[in-house]
Amino acid sequence: MAVYYHRRPAALYLQMAGLMRTQYGFSFSQSQLAAWHAAHAAFVFKKGHNRTEYEQALPSLRRFYTMIRRDSSIPFDIDKAARLELEWWIIHRDRDQYGVEALKKSLAELEACVYQMPAEKFSDHAAARADAMVLRDAGGDWTRIGQLLDLSWTSLHDAVGQPASAASR
């Protein structure tokens with residue numbers, strides 16, 4: 001989300017609240033709380049400089065995934081999902097150290113955890129999403145980024161056989 005990169009926490013919060021209502025069907029109050037946890041985690045992470053500091057985002061990520069889990073029919077491990085979310089954030093930030101393939105793998109592992117399916121089912125989703133991130137980081141074409149994200153979420157939908165909003169961002 002561009003508001004994250006432009007250091008606009010209030011705007012990120014509002015976007016997340018809307019996402020929680022439209023994609024998850026959360027009530028107004030549920031969407032506000034989930035959005036707060038998600039935005040808080042993102043900006044705690046953003047201020048960090050090392051793994052110890054990044055991990056300070058985990059309590060908010062756990063609370064976010066707890067809310068997602070309550071409305072999901074899939075019994076995923078909340079703590080594992082929060083840790084996998086944080087891990088892809090770290091890999092994305094330190095991509096020069098880890099590489100793009102590690103980013104793709106971590107994104108697939110997160111979806112595998114949330115949907116309780118093999119990570120291989122999410123390889124197309126993860127690849128398109130990671131490619132969009134890399135292109136965005138390089139200052140790339142927003143039209144192409146949008147196409148990659150559309151491909152990513154369509155692939156996720158196809159992998160799980162249900163709307164992508166059922167249990168994941």
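Good morning, colleagues. Two remarks on the source come before the structure. Residues are numbered from 1 along each chain as its sequence is written. The model is predicted, so to speak a computed one: local features need pLDDT of at least 70, side-chain atom pairs count only at pLDDT 80 or more, totals for chains, interfaces and linings use all residues, and side-chain values use heavy atoms, with hydrogens and water left out.

Let me begin with the whole chain. Read from the N terminus, the elements run α-α-α-α-α-α-α-α-α-α. Of the 169 residues in the chain, 47% are buried; buried means under 20% relative accessible area, exposed over 50%, and partly exposed in between, with a 1.4 Å probe and protein chains only. Among contacts between residues at least 6 apart in sequence, 57% join residues at least 24 apart, a contact being heavy atoms within 4.5 Å.

I turn now to helix H3, residues 28-47, and its packing with helix H5, residues 58-70. The two helices pack at an angle of about 150 degrees, and their axes are 8 Å apart. Axes here are lines fitted to C-alpha atoms, for helices over the stretch in contact, and angles run from 0 to 180 degrees between N-to-C directions. H3 and H5 are therefore roughly antiparallel to each other; angles under 35 degrees count as roughly parallel, over 145 as roughly antiparallel, 65 to 115 as roughly perpendicular, and the rest as oblique. The crossing of H3 and H5 is left-handed, a term used if the near helix is turned anticlockwise from the far one by less than a right angle, with right-handed used if clockwise.

Which residues make this contact? H3 contributes Gln 30, Leu 33, Ala 34, Trp 36, His 37, Ala 38, His 40 and Ala 41, while H5 contributes Ser 60, Leu 61, Arg 63, Phe 64 and Met 67. By class, the contact of H3 with H5 holds 8 nonpolar, 4 polar and 1 charged residues. In this scheme Ala, Val, Leu, Ile, Met, Phe, Trp, Tyr, Cys and Pro count as nonpolar, Asp, Glu, Lys and Arg as charged, and the others, Gly among them, as polar.

Gln 30 deserves a moment of attention. At 30% relative accessibility, Gln 30 counts as partly exposed. Leaving aside neighbours within four places in sequence, Gln 30 is in contact with Met 67 and Asp 71.

Gln 32 touches Tyr 13, Ala 17 and Arg 21, not counting residues up to four places away in sequence.

H3 also meets helix H6, residues 78-93. The axes of H3 and H6 come within 12 Å and cross at roughly 40 degrees, which makes H3 oblique to H6. The crossing is right-handed. Ala 41, Ala 42, Phe 45 and Lys 46 in H3 meet Leu 86, Trp 89, Ile 90 and Arg 93 in H6, and this contact has 6 nonpolar, no polar and 2 charged residues. Within it, Ala 42 counts as buried, at 9% relative accessibility.

Next comes helix H8, residues 100-115. H8 has 16 residues and reaches 23 Å from its first C-alpha to its last, close to the 22 Å expected at 1.5 Å a residue; the expected span is 1.5 Å times one less than the number of residues. Its buried residues include Leu 103, Leu 107 and Tyr 115, and what covers the buried residues of H8 includes H5, H6, H7, H9 and H10.

What follows H8? Gln 116 does, with a positive phi near 55 degrees. Most residues other than glycine have a negative phi. Gln 116 lies in the loop between H8 and H9 and is partly exposed, with a relative accessible area of 48%.

Finally, the end C-alpha atoms of H9, residues 123-137, are 21 Å apart, which agrees with the 21 Å that its 15 residues should span. H9 is followed by Gly 139, whose phi is positive, near 75 degrees. Thank you.

Terms used:
Helices (H or I, at least four residues) and strands (E, at least two) are DSSP runs, numbered from the N terminus.
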